[in-house]
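User: Please walk me through this structure in short steps.
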Amino acid sequence: MRLLKLAIAATAVALIAAPAMAQQYPSRPINLIVAFPAGGSTDIGARVVAGIAERMIGQPIVVVNKGGAGGQVGWTELARAKPDGYTIGFLNLPATNTTILDPERQAIFNEGSFTPIINQVLDPGVVWVAANSPFKTMKDVIDAAKSKPGTVRAATTGILSDDHLAILMVEEANPGATFRIVHLLGGAAQMKETLGGNIDVSFDNVGGIVPQVRGGQVRALAVMDIERSKFLPDVPTMKELGMPNVISSSTRGIAGPKGMDPAVVKKLQDVLSKAMADADHVKRLEDAGLAIKIMIGADYEKYYKETHEKAKKYTEWAKNRPQK
Amino acid sequence: MVETLQHLMTGFGAALTPVNLTFALIGCILGTLIGVLPGIGPAAGTAILIPLTFQLDATGAIIMLAAIYYGAMYGGTITSVLINVPGEAASVITCLDGHAMAKNGRAGAALGIAAIGSFIGGLVATILLVVVATPLSKLALSFGPPEFFALMLVGLVLVTSLAGESLIAGVLMTVLGLLISLIGIDPVRGAPRFTFGIPELYDGLGFIPVVMGLFGIGEILATAEKPYREVIKTKLSGLIPSRDEWRRSMGAIWRGTGIGFFLGLIPGVGAIIPTFMSYIVEKRLSKHPELFGTGVIEGVAGPETANNSYANGAMVPLLTLGIPSSPTIAVLMGAFIVNGLTPGPFLFQERPDLVWAVIASFFVGNVLLLILNLPLVGLWAKILEIPYQYICAGTLLFCMIGAYSINQSVFDLWVMLGCGVIGYLLRKLNFPLAPLVLGLILGPQMEKSLRTSLEMSAGDFSIFVTRPLSASMLALAIVILVLAALQFAPKEIRDPNAD
């Protein structure tokens with residue numbers, strides 16, 4: 001009898017304690033992992049939102065840069081963390097997906113290793129050339145890739161990045177067009193080689209080239225989104241150019257390890273969505289050319305799953321393409 | 001030209017307001033601290049401080065961040081000279097002769113010449129930035145992956161002059177460095193190499209833990225095995241460079257300025273390569289190359305000048321083209337962007353007030369750094385009078401915190417300690433450490449540029465000889481190789497008993 005009482009008491013305590021813990025959350029600083037070095041566009045977005053959200057949540061949100069291996073080091077860390085809400089981090093879709101999908105990468109996490117919390121930025125893909133390039137339109141580029149297959153040097157910002165997949169999508173939409181793919185490490189290297197005439201056409205994201213477009217050094221040819229980018233209002237979408245399936249972006253959102261307490265997730269969603277709607281957040285991200293796209297809960301989960309499926313197809317293709 | 005001067009004068013007007021002057025001062029002090037702390041390099045240091053600048057106006061924010069950047073470039077020297085621990089990557093080479101000078105009781109002279117060299121390098125590079133920025137940055141763009149590869153090859157061939165007493169030992173160390181640099185995820189194809197399934201190895205061995213281990217921990221072990229080390233007495237005369245040291249340093253400072261500035265124009269070179277290039281050039285030109293590593297002032301003056309000159313030269317591609325040429329500059333660019341400014345030629349037209357205020361603040365910052373550092377030289381040199389058992393414990397703690405703070409990773413601590421043991425053994429066996437470090441730095445860059453070149457040419461190797469710049473650098477590499485072979489061969493035949 002005593003044992004039963006004790007058991008009941010223990011259960012009662014546990015029942016009260018669980019929500020109480022969620023209510024107290026957060027009682028200490030929260031680490032926000034960014035899987036890229038300080039100063040990149042994921043890092044900028046993270047630091048802006050952390051600075052605003054920490055005032056609302058009452059505990060410091062510390063941006064921890066765990067760069068390396070195209071994000072894999074940071075995501076491994078995030079997947080391995082305790083799901084207590086004190087370690088969350090940015091996922092970069094589809095780079096996180098392709099890391100999981102490429103067997104060579106031997107990732108120790110998979111698509112089920114994370115709890116999606118909220119999306120912050122959707123940075124659409126863009127095709128661009130140097131201002132002095134003979135290519136004036138997207139059609140010029142595709143014609144060249146068709147008439148002399150494998151000679152147009154097209155740069156990505158890394159193997160199996162969204163830009164790499166985007167090149168494959170353009171090839172798929174235009175049978176006969178083949179690019180000579182050159183993998184460069186990051187947007188700065190791509191900008192240098194394209195302006196220097198070592199690359200004919202570059203695939204990147206809108207946020208990476210807005211300053212140079214405004215400065216007149218580069219010309220954007222097409223945006224890979226369902227609608228035009230407000231940062232590049234004169235540039236047509238791939239859909240307008242007759243390639244409705246060429247939709248690509250780098251999408252950055254916050255997630256935690258799998259198995260997080262739903263109450264904690266809810267709290268984070270409330271605070272972070274408020275922070276992302278804050279005027280200061282909106283202005284700073286727009287100045288940086290980053291398009292805010294808040295997706296919460298089921299919306300974000302759906303987007304995450306769809307991106308994964310799409311990435312699966314193109315990752316396989318990328319691995320089997322003769323000239324990689 | 002007159003217009004440029006006018007702009008510059010207006011810039012000085014803005015940079016010398018009490019508020020902006022204070023920001024530059026705070027930046028210099030913070031930067032020096034960041035430089036002194038190993039682990040936290042200038043890139044991480046500036047990134048962490050970006051949110052701080054949200055409260056400031058754009059001009060003040062950029063002035064402060066830029067001051068942190070070149071302050072850190074100087075601060076790294078202090079620990080290199082005093083305790084053989086490079087505070088940041090660009091000061092690695094300074095360990096060789098800087099610390100040797102400290103052991104000879106000339107820490108003050110080493111720190112003094114570094115401060116003066118940095119000042120001259122920074123100042124001249126800023127003048128060049130004003131005068132020749134735009135045409136040169138366009139030229140630097142023609143430096144594509146094949147040229148980059150050829151340049152790295154020249155560097156690798158020049159490494160023979162870093163070999164110390166034995167050419168074979170030097171080559172062995174270079175190859176070891178190149179091999180270590182292959183650990184991690186293949187930069188182009190994404191396949192893990194030599195990682196044994198350990199995720200921490202996916203990004204390769206961290207450069208900073210490795211060099212802190214090889215130099216700092218290795219030094220501790222080597223000194224600790226001696227029963228007693230006399231306290232290094234630094235006489236007042238040791239604080240300032242002697243007339244002879246001045247004479248020898250001036251050439252090194254001018255060459256360091258040129259090397260730093262021109263390599264700064266080429267995006268992607270990074271701050272370490274100019275320092276190594278300068279050291280190698282000084283050693284090649286010296287009448288006493290065999291004395292390098294025993295405390296030769298040129299070996300401090302050249303590289304220290306080159307790294308500050310590089311820091312200013314690297315602003316050229318950022319301001320004229322909007323291309324960040326190193327990780328730290330990328331962070332600085334991020335700071336421009338979140339403050340609503342887009343670096344590039346447009347910025348000169350859009351916000352000339354800001355650009356010229358920032359450029360003027362470079363001049364101001366360089367003067368501030370000199371004023372801050374020269375009086376402190378004596379104080380820093382005093383640290384060496386602390387009995388070595390305390391310095392030793394302090395250095396160890398300092399290295400542990402530094403290695404851990406980069407990625408908050410315990411793994412990096414083991415890397416550093418492991419490299420410390422290796423560094424100790426190599427020292428005992430008389431193997432030179434510098435070629436190993438250069439191999440480590442050049443490895444990834446060479447591989448990347450080689451493979452990108454071949455992707456550009458669809459696998460055709462002729463890309464390296466059909467481009468004039470690349471072809472002439474490859475020819476230069478061959479000439480150097482032949483000369484080096486001639487230089488080493490007779491010596492070893494003449495005197496087979498030499499070490």
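Some notes on the model come first, then questions and answers.

This is a predicted model, where local features need pLDDT of at least 70, side-chain atom pairs count only at pLDDT 80 or more, and totals for chains, interfaces and linings use all residues. Residues are numbered from 1 along each chain as its sequence is written, while chains are lettered from A and ligands numbered from 1 in the order in which they are written.

User: At what angle do helix α4 and helix α5 of chain B pack?
Analyst: Helices here are DSSP runs (H or I, at least four residues), numbered from the N terminus. Helix α4(B) spans residues 58-83 and α5(B) residues 94-103. Their axes, lines fitted to C-alpha atoms over the stretch in contact, are 6 Å apart. The angle, on a scale from 0 to 180 degrees between N-to-C directions, is about 55°.

User: Which word describes α4(B) relative to α5(B)?
Analyst: Angles under 35 degrees count as roughly parallel, over 145 as roughly antiparallel and 65 to 115 as roughly perpendicular, with the rest oblique. The angle here is about 55°. That makes α4(B) oblique to α5(B).

User: How many residues of helix α7 of chain A are buried?
Analyst: A residue is buried if 20 or more other C-beta atoms, placed from the backbone, lie within 10 Å of its own. Among the buried ones are A:Met191 and A:Leu195. Of the 10 residues in α7(A), the buried number nine.

User: Which element gives the most to the side of chain B that touches chain A?
Analyst: Contact means C-beta atoms, placed from the backbone, within 7 Å. By that rule, 47 residues of chain B touch 46 residues of chain A. Elements giving two or more residues include α3(B) and α19(B). With six residues, the top contributor is α14(B).

Conventions:
A residue is buried if 20 or more other C-beta atoms lie within 10 Å of its own, exposed if 12 or fewer, and partly exposed in between; C-beta atoms are placed from the backbone. Two residues are in contact if their C-beta atoms, placed from the backbone, lie within 7 Å.
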